[in-house]
Amino acid sequence: MVIAFVFLASMTLICSFGVVLSRSIIHSALFMSGAFLGIAGFYVMLNAPALAAFQVLIYVGAVTVVILFGIMFTQRPQALHYRTIISRQLWPGFFVAIGVGTFLAYVVAIQDWSGTEAGNGLRSVAQLGENLLGVNGAPPIFGLLFEVASVLLLVAVIAAIVVSRRRVGDGVDRGVEE
Amino acid sequence: MPPQVQQFVDTLNAALPLEGYLVIGAIMFAIGAWGALIRRNAVVVFMCIELMINAVNLSLVAFADYLPDAGGFGVGYAVLVIAVAAAEVAVGLAIVLAVYRSRKTVNVDEVNLLKG
């Protein structure tokens with residue numbers, strides 16, 4: 001457990017630093033999928049294998065591909081110096097991040113977690129499905145949240161199409177007959 | 001097997017305390033916040049926000065596994081968080097595309113139409 005934890009923690013943190021500090025934006029996206037893979041490994045260690053599968057499918061697969069599409073559509077070739085990719089808030093941002101990280105780590109570290117023990121997670125996928133639908137002892141609010149999430153996804157899909165749609169007549173419309 | 005080696009192997013096989021996962025989540029959240037504050041490219045800012053969401057998800061799942069009364073419900077919340085984050089990425093990248101089409105840039109400090 002300790003070896004796996006150290007490996008996954010170093011992978012996650014190194015990839016997170018890579019996202020922030022790499023000069024090429026493509027490398028940032030690939031580092032990001034590495035960090036997501038590390039998080040998926042943590043989910044396996046925390047008795048949530050179904051969630052790890054979701055993580056690999058949605059984050060490492062779908063979100064990374066969508067972000068790579070976004071990069072492909074929006075990037076001009078530009079000089080890759082740190083002066084051009086870092087905004088003027090370098091040091092204020094650094095101190096804010098150090099402060100937030102130190103505060104959060106301190107708060108969770110001084111807390112007395114002696115009553116906690118690993119292994120309370122539900123390994124079975126059937127149990128996770130019942131939890132998500134709010135049946136069989138799960139809080140019934142989950143049923144409502146499930147419905148709200150489905151409506152939210154539909155709204156997000158429609159909004160993405162509407163926002164990024166090119167209006168007829170703007171720019172080059174290939175295949176649109178006026 | 002000599003007892004020192006046995007003790008070392010036991011240490012390696014022991015379950016980790018909850019603080020380990022929480023501290024990893026906190027550090028990852030801080031790295032994501034740092035990147036979201038200092039990077040100019042809006043797509044990288046999105047990636048850093050995804051890192052922050054994942055850090056919080058890791059804390060949720062750690063609590064769901066470690067707290068005796070949690071009943072594993074944190075995993076259900078984590079699934080909902082993933083769904084909301086996916087929706088956020090879709091809408092956010094659409095906005096970035098729309099901004100790029102009108103301003104020809106995605107650097108967040110050059111899109112300053114609302115600046116007073």
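**Exercise 1.** Is B:Arg40 buried or exposed, going by its relative accessibility? Work that out, then describe the salt bridges around this residue.

*Solution.* Keep in mind that this is a predicted model.

Step 1. Start with the accessibility. B:Arg40 has 13% relative accessibility. The cut-off for buried is under 20%, so B:Arg40 counts as buried.

Step 2. Look for partners. The side chain of B:Arg40 meets that of B:Asp109 in a salt bridge, at 3.0 Å from N to O. B:Arg40 sits in the loop between helix 2 and helix 3 of chain B, while B:Asp109 is in the segment after helix 4 of chain B, so this pair ties together parts that are 69 residues apart in sequence.

Step 3. B:Asp109 is partly exposed at 29% relative accessible area, and B:Glu110 is partly exposed at 34% relative accessibility.

Step 4. B:Arg40, B:Asp109 and B:Glu110 form a network of salt bridges. Over all chains, the whole structure has 2 salt bridges.

**Exercise 2.** Describe the contact between chain B and chain A, then say which element of chain B gives the largest share of its side.

*Solution.* 

Step 1. Count the residues: chain B puts in 73 and chain A 85.

Step 2. Get the area. The two chains bury about 7,000 Å² between them, with 76% of it on carbon and sulfur atoms.

Step 3. Tally the polar links. There are 0 salt bridges between chain B and chain A, but 6 residue pairs are in polar contact, both residues at pLDDT 80 or more.

Step 4. Go through the elements. On chain B, helix 1 (3–13), helix 2 (18–38), helix 3 (42–66) and helix 4 each give two or more residues to the side that touches chain A. Helix 4 of chain B has the largest share, 23 residues.

Step 5. Sort by class. That side of chain B has 54 nonpolar, 11 polar and 8 charged residues.

**Exercise 3.** Which residues of helix 6 of chain A are buried, and what covers them?

*Solution.* 

Step 1. In helix 6 (residues 125–133) of chain A, the buried residues are A:Leu128, A:Asn131 and A:Leu132. Their arc around the axis is only 100 degrees, which puts them on the same side of the helix.

Step 2. The cover includes helix 3 (49–74) and helix 7 (141–164) of chain A, along with helix 4 (73–103) of chain B.

Step 3. Just past helix 6 of chain A, look at A:Gly134: its phi is positive, about 75 degrees.

Key:
Residues are numbered from 1 along each chain as its sequence is written. Chains are lettered from A and ligands numbered from 1 in the order in which they are written. This is a predicted model: local features need pLDDT of at least 70, side-chain atom pairs count only at pLDDT 80 or more; totals for chains, interfaces and linings use all residues. Side-chain values use heavy atoms; hydrogens and water are left out. Buried means under 20% relative accessible area, exposed over 50%, partly exposed in between (1.4 Å probe, protein chains only). Helices (H or I, at least four residues) and strands (E, at least two) are DSSP runs, numbered from the N terminus. The arc is that of the directions from the helix axis to the C-beta atoms. Contact means heavy atoms within 4.5 Å. Buried area is the accessible area (1.4 Å probe) that two parts lose on being put together, summed over both. A salt bridge is a side-chain nitrogen of Lys or Arg within 4 Å of a carboxyl oxygen of Asp or Glu. A polar contact is a pair of N or O atoms within 3.5 Å; within protein, one must be able to donate a hydrogen and the other to accept it, and residues adjacent in sequence count only if both atoms are side-chain atoms. Ala, Val, Leu, Ile, Met, Phe, Trp, Tyr, Cys and Pro count as nonpolar, Asp, Glu, Lys and Arg as charged, and the others, Gly among them, as polar.
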